[in-house]
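Here is my note on this model, written for a first read. Keep the structure open beside the text and check each point as you go.

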Amino acid sequence: MKRFHSVAVIVFETGMRLLMNFPRFMILNMVKAQFLRIMGAKIGKGVIFYPGLWIAPGRKLVIGDDVDLAFGVLITTSGGVTIGDRTLIGYGTKILSSNHTIPCSSDKIYYSGHSNSPVEIGNDVWIGANVIILPGIIIGEGAVVAAGSVVTKSVEPFTIVGGNPAKIIRKRTESVQNISHASG
């Protein structure tokens with residue numbers, strides 16, 4: 001049985017790697033979305049999957065409509081990941097819903113297992129390039145996470161955060177929202 005599991009994992013990983021390296025043409029995005037649905041994910045309409053995306057194992061994943069997943073994004077879904085509508089996920093971002101458990105000093109790290117905690121990303125969120133989002137994080141609607149940030153605590157709606165660990169830079173104000181919509 002263990003051998004069968006190993007072969008299944010290899011087949012899955014090979015298929016995922018091949019499929020997710022295809023370009024982001026509309027028809028190929030639909031094929032990628034269907035593959036993830038077969039793996040147990042719920043995928044909205046108009047999702048853009050850049051090449052180099054890695055999502056594993058796929059179940060417990062919910063992606064809303066018009067989400068953009070840039071090149072090199074990695075998402076672990078064992079703890080559950082929800083990404084809201086119209087969200088941008090930047091190049092090289094890591095969304096982790098699972099982590100290794102740290103054992104007592106005398107126990108072996110290799111055998112310590114994993115802990116899972118869901119990650120929730122709201123609607124209209126912008127996650128910059130090379131961001132790391134740790135398990136159990138909630139990023140509120142309209143939030144912006146600056147490139148290179150490590151998100152160790154949840155982010156309030158309409159807040160801009162950045163750094164390692166990510167800290168509040170400022171709140172998005174009504175006037176800033178109007179300016180950005182007018183220029184975009």
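How many helices and strands are there in the protein?

1. The protein holds three helices and 19 strands. Helices (H or I, at least four residues) and strands (E, at least two) are DSSP runs, numbered from the N terminus. This is a predicted model: local features need pLDDT of at least 70, side-chain atom pairs count only at pLDDT 80 or more, and totals for chains, interfaces and linings use all residues. Residues are numbered from 1 along each chain as its sequence is written, and side-chain values use heavy atoms, with hydrogens and water left out.

2. **Overall shape.** The C-alpha trace spans about 60 × 50 × 20 Å along its principal axes.

3. **Burial.** Of the 184 residues, 38% count as buried. Buried means under 20% relative accessible area, exposed means over 50%, and partly exposed lies in between (1.4 Å probe, protein chains only).

4. **The core.** The largest nonpolar core has 39 residues. Such a core is a set of buried Ala, Val, Leu, Ile, Met, Phe, Trp, Tyr and Cys residues joined through side-chain atoms within 4.5 Å. Leu69, Ile133 and Ile139 have the most contacts inside this core. Helix α1 gives the most to this core, with four residues. Look at leucine 69: the residues that it touches include Val47, Ile63 and Ile89, not counting residues up to four places away in sequence. Contact means heavy atoms within 4.5 Å.

5. **The open sheet.** Seven strands form an open sheet in the order β2-β5-β8-β13-β16-β18-β19, with mixed pairing. Its edge strands are β2 (48–49) and β19 (167–171), and each pairs on one side only. Two strands pair if DSSP finds at least two bridges between them. At one end, β2 and β5 (residues 68–69) run parallel over two bridges. Isoleucine 48 has aspartate 68 in β5 as its bridge partner.

6. Strands β18 (residues 159–162) and β19 run antiparallel, joined by four bridges. Valine 161 stands opposite isoleucine 168 in β19. Their hairpin has four residues between the strands, and there glycine 163 takes a positive phi near 105 degrees. Is β19 buried or in the open? Of its five residues, the number buried is zero, so β19 lies largely in the open.

7. **Aromatic pairs.** The structure holds three of them. Rings of Phe, Tyr and Trp (its six-membered ring) pair if their centres lie within 6.5 Å; planes under 30 degrees apart count as stacked, over 60 as edge-to-face and the rest as tilted. Phenylalanine 12 and phenylalanine 35 have ring centres 6.2 Å apart and planes at 15 degrees, so they are stacked. This pair links helix α1 (residues 2–20) to helix α2 (residues 26–38), 23 residues apart. Tyrosine 50 and tyrosine 91 are edge-to-face, because their planes stand at 85 degrees, with centres 6.0 Å apart. Tyrosine 50 is buried at 14% relative accessible area, whereas tyrosine 91 is partly exposed at 47%.
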